[in-house]
Amino acid sequence: MAYFDVFNGDADGICALLQLRQHTPRIATLVTGVKRDIGLLSRVSASSGDVVTVLDVAVEKNRLDLDRLLQLGAEIFYVDHHNPGEMPSAAGLQLLINTAPEICTSALVNGHLSGACASWAVVGCFGDNLDQTAERVAQTLPALPNLKLWRELGILINYNAYGAHVSDLHFDPESLYRRLLPHASPDICLAEDPELMQILQAGYRQDMSFGETANRLINEASVAVIRLPDEPWARRVSGVLGNKLALDTPYRAHAVLTEIPEGFLVSVRAPLDNRIGADTVCRQFPSGGGRAAAAGINQLPKENLSTFIDVLKKQYA
Ligand SMILES: [Mn+2]
């Protein structure tokens, strides 16, 4: 019988598995990847009697492989908070799904373990941007920790997962998980392995400073367009940079363009003061879509750049 631990490479996925394996140690094949690599079950080849744990990736995006593994006779424990689509049910499947907006996978595992490894759940909740949930879980700890520090750790572990490929990341999520696993709590981790936090902090700061000083094609009162090169740091920072710029200048719309072989990967953030129109802009281009406040275009051909800028300016003038 073999074990497989399948987890999203972001803070929520890592902290969910940390709780489970600190509570129930297990030698397992690890399957993970960058944050947006969510079809992870396709990489699992299990057989009858094998046990597969799946954390923080949508059921819907893994449904074919879930059915395949169940048919082979694997036992599956699946914990997640994304929309699952049609809920599967099978004798070998234990599902723990909750899509409430204040819930993440680390919080679900914390409930499942009755708070046995709650400190890492707090870090996972902070990483998934659920500050109130993190604070609520922290209240259950014997002593209230330095939440500011734990929040930073969660955000940095989460930031580490951004990139197009694992080779873009500061840490392969599997190595990061293995490095965190021996530490029973975030405070013990920070004390015993201070270098880890330093590496994560330095990487984040350097990426952000590259991003903040990157070439601005447009820099006007109502609109800024930032162009990032086809480099690992740009693929890591593009999403977080958009959020930071939006917070710094809430009256301005931002577009972050990252060069890719096909042209640009585009991320548009409406002004925080006027959270509309990002989807309207992006939908005018093939492969564009999203929500009113934040939208994107997967591939904008280089020859469409000036049209894109015109559309963006017109929307937010
Ligand atoms: Mn999550």
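Start by selecting Ser-287, which sits in the loop between helix H11 (278-282) and strand S10 (288-290). Helices (H or I, at least four residues) and strands (E, at least two) are DSSP runs, numbered from the N terminus. This is a predicted model, where local features need pLDDT of at least 70 and side-chain atom pairs count only at pLDDT 80 or more, while totals for chains, interfaces and linings use all residues. Residues are numbered from 1 along each chain as its sequence is written, and side-chain values use heavy atoms, with hydrogens and water left out.

Check the backbone of Ser-287: its phi is near 70°, a positive value in a residue other than glycine. Most residues other than glycine have a negative phi. At 38% relative accessibility, Ser-287 counts as partly exposed (buried means under 20% relative accessible area, exposed over 50%, partly exposed in between, with a 1.4 Å probe and protein chains only).

Now jump to Ser-114, in the loop between helix H3 (105-112) and helix H4 (118-127). Ser-114 also isn't a glycine, and its phi is positive, about 50°. With 68% relative accessibility, Ser-114 is exposed.

Next, the metal. Select the manganese ion and show its protein donors: Asp-12 (OD), Asp-56 (OD), His-81 (NE2) and Asp-128 (OD), at 2.2 to 2.4 Å. Donors here are N, O and S atoms within 2.8 Å of the metal (3.2 Å for Na, K and Ca); water is not among the atoms, so sites may look incomplete. Along the sequence, the donor residues are spaced D-x43-D-x24-H-x46-D. Asp-56 lies in the loop between strand S3 (51-55) and helix H2 (63-71), and His-81 in the loop between strand S4 (75-80) and strand S5 (93-97), so the pair ties together parts 25 residues apart in sequence. Asp-56 is buried at 1% relative accessible area, and His-81 is buried at 15%.

Move on to Arg-21, in helix H1 (residues 11-23). Is Arg-21 buried or exposed? Buried, at 6% relative accessibility. Its side chain makes a polar contact with the side chain of Thr-53 at 3.5 Å (a pair of N or O atoms within 3.5 Å; within protein, one must be able to donate a hydrogen and the other to accept it, and residues adjacent in sequence count only if both atoms are side-chain atoms).

Last stop: select Val-122. Beyond its neighbours within four places in sequence, Val-122 is in contact (heavy atoms within 4.5 Å) with residues including Ala-134, Leu-141 and Trp-150.
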